[in-house]
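Thanks for making time. I have one structure to show today. Let me put it up, and then we start with a single helix.

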Amino acid sequence: MFISYLLSGISLGAIYALIALGYTMVYGIAKMLNFAHGDVIMVGGYIAFTISVTLGADGWIALLGSIIFCTLLGITIERVAYKPLRGASKLSVLITAIGVSYLLQNVALLIFGSASRNFQALIVVPSVEIGSVTIPGNTILTIGVSVVIMIVLTLFINKSSAGSAMLAVSEDKGAAQLMGVNVNKTISLTFAIGSGLAAVAGILMCTQYPNIGPYTGQMPGIKAFIAAVFGGIGSIPGAMLGGIAIGVIENLSKAYISTQLSDAITFAILIIMLLVKPTGILGKKLNEKV
Amino acid sequence: MKNVKKIVAMAMAAALCVVSLTACGGSSDASATFVIGGSGPLTGPAAVYGIAVKNGAQIAVDEINAAGGVNGMTLELNFQDDEHDAEKAVNAYNTVKDAGAKVFLGTVTSTPCEAVVEKTKVDNMFQLTPSGSSVKAVQYENAFRICFSDPGQGTAAAQYIGQDLGLKKVAIIWDNSDVYSNGIYEKFKAEAANAGLEIVSEQSFQGADNKDFNTQLIAVNEAAPDIVFLPIYYQAAALILQQANQAGFDLKFFGCDGLDGIIGQLEGDAALAEGVMLLTPFVADDPDEKVQSFVKTYQEKFNEVPNQFAADAYDGVYVIKAALEDAGVKDASVAVSELCDLLKASMVKITVEGVTGTMTWTADGECAKTPMGMVIKDGNYTAIAD
């Protein structure tokens, strides 16, 4: 029993983690909360759905097509909605992000209609049985993909020159520009990677919970944001850890305390976390220079 | 070349004449056009219900007009979007009232319905909700409904499972953020003991945003119920069936009218719905002639199979027609309040044979009709054989 609850918590958490990776990366580098991230996930799911079901193409083509589309969408959103506000206050950017989120939802509503659709799995991984416990294939797939993405992202940021540019921009935009880093290009790249990740998250989420509608990305987006804050926003391993932690806490409180209180408990833990350690589990403590 | 232009010009002039003539012929005075106002969610997460109601009602209006109208009056539907929001529903009601609506067909969902009924009561406008199933949705004398009430469904389901199916151990998974689900759940629980049922596990979830049911299913499976009662809508139920299947649980499910639409929702995985039982007033595969004609027209016009909301709305317009005929209303310029008193009196007298069954009403607005026990077999809804 406990193992089953734990496993279903981890598999839910892995989805949160995957979404949180995108949130945390954009926040870490561009220092903005991209509230439209959850809706890019929804778009990713819909593109994969259209390619595989409506056009009848192969699962891998749908996966690739969806990643490419979302990457381009991410760059476009950044160019059109966020770039003109580079010098504006953080609040304006935040409100714009919420606007973009509603725009994406409503465009999806117009194109795909309000009825949610059943999403056929693109990639099927067989379940594994260990003793009396069955680990569903989807869980293995989601956790595996999340871990691989986390490692690749960490390596990319710490080892590649584009990654170094990202780190430089995240520390000090102005100074980075003076040192010859193309700030606009770097931020565009961040959005491109973040949105590509959103497509992967969208497809995996729809594989595990085979259902897609225009509002699919909203609640997971919010939960993943909490996971990112919980793990320490800006930190990539933190997003992973936060996601799994939120998923497990949510499921265990559903199982052992109350199905009606699980969300309340999850959010209460977040509040306690923020009171005790405001930077999250793995967040860096930044001293504001005056 | 010049001739061609001339011909085109003449043709256009002729067309213009025809248009102006039809415009003259079509315009009618206020006493001949009876406006039915209505509102429902045409956008937003609940849009599937509102759109179905609007389409279903429109088909009935078109059919009635094609057959000569009601007592010489032509019906007109003025249906506004309320986005499943109480405040917007009140605005929508005011809009249709200003546009001359005499009766109100709506709202589609319970929460806005509870807000609008407060307004129609003040104006004493006759209100008929196709699908607002909460108790308060028709709490005043001027309001009636087509669908079952939530408590009514809870009681019927408990009796059906305990007596007709003869089962004992029941588990429940319900949505505790939803009026519909809560209403059925509470009454089901109250009736369970009378029906000889033992509730072995109660699991809830919050809202349509919730997609993960693994925890609830593990607990339900552990309790080893004879049947799992799902007083919820089909979107969540589809996910429950899929996750139960993924986890390898062998569970039987039973639901209410909210499960109608589950086969379509599962699309490629429709085989999972096999054996699911439900109590519902309307099934699109019912061989009944009226039902088949409605389903056929709906499919031709809107390219999809109508759900029970469309059926409720279709019946709703015919109920308004029957009540108008019974009351002998011939003049559409009748005052709203006077009309309401006439229709109220007629509602408790009439019997309407609709696509959702044979309906009669009591003065408290409740509709009496028999729910049918259905089981999904070979991808179709079929009546449960006794």
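**A covered helix in chain B**

Look at α7(B) first. B:Asn214, B:Thr215, B:Gln216, B:Leu217, B:Ile218, B:Ala219, B:Val220 and B:Asn221 are all buried there. Keep in mind that this is a predicted model. The helix spans residues 214-222 of chain B, and 8 of its 9 residues are buried, so call it mostly covered.

What do those buried residues of α7(B) pack against? From chain B, the partners are β6 (169-175), β7 (198-205), β8 (227-230) and α8 (234-246). From chain A, they are α1 and α10. Just past the helix, B:Ala224 has a positive phi, about 45°.

Now the contact between the chains. Chain A puts in 26 residues and chain B 31 residues. On the chain A side, the elements giving two or more residues are α1 (2-30), β1 (117-118), α9 (218-231) and α10 (236-256). The largest share is from α1(A), with 4 residues. By class, that side of chain A holds 11 nonpolar, 12 polar and 3 charged residues.

Last, the layout of chain B. Domain 1 is 33-148 + 288-369, and domain 2 is 151-280. Their centres, over C-alpha atoms, are 29 Å apart. Where they meet, domain 1 of chain B gives 10 residues and domain 2 of chain B gives 12 residues.

Conventions:
Residues are numbered from 1 along each chain as its sequence is written. Chains are lettered from A and ligands numbered from 1 in the order in which they are written. This is a predicted model: local features need pLDDT of at least 70, side-chain atom pairs count only at pLDDT 80 or more; totals for chains, interfaces and linings use all residues. Two residues are in contact if their C-beta atoms, placed from the backbone, lie within 7 Å. Ala, Val, Leu, Ile, Met, Phe, Trp, Tyr, Cys and Pro count as nonpolar, Asp, Glu, Lys and Arg as charged, and the others, Gly among them, as polar. Domain bounds come from an automatic or database domain assignment. A residue is buried if 20 or more other C-beta atoms lie within 10 Å of its own, exposed if 12 or fewer, and partly exposed in between; C-beta atoms are placed from the backbone.
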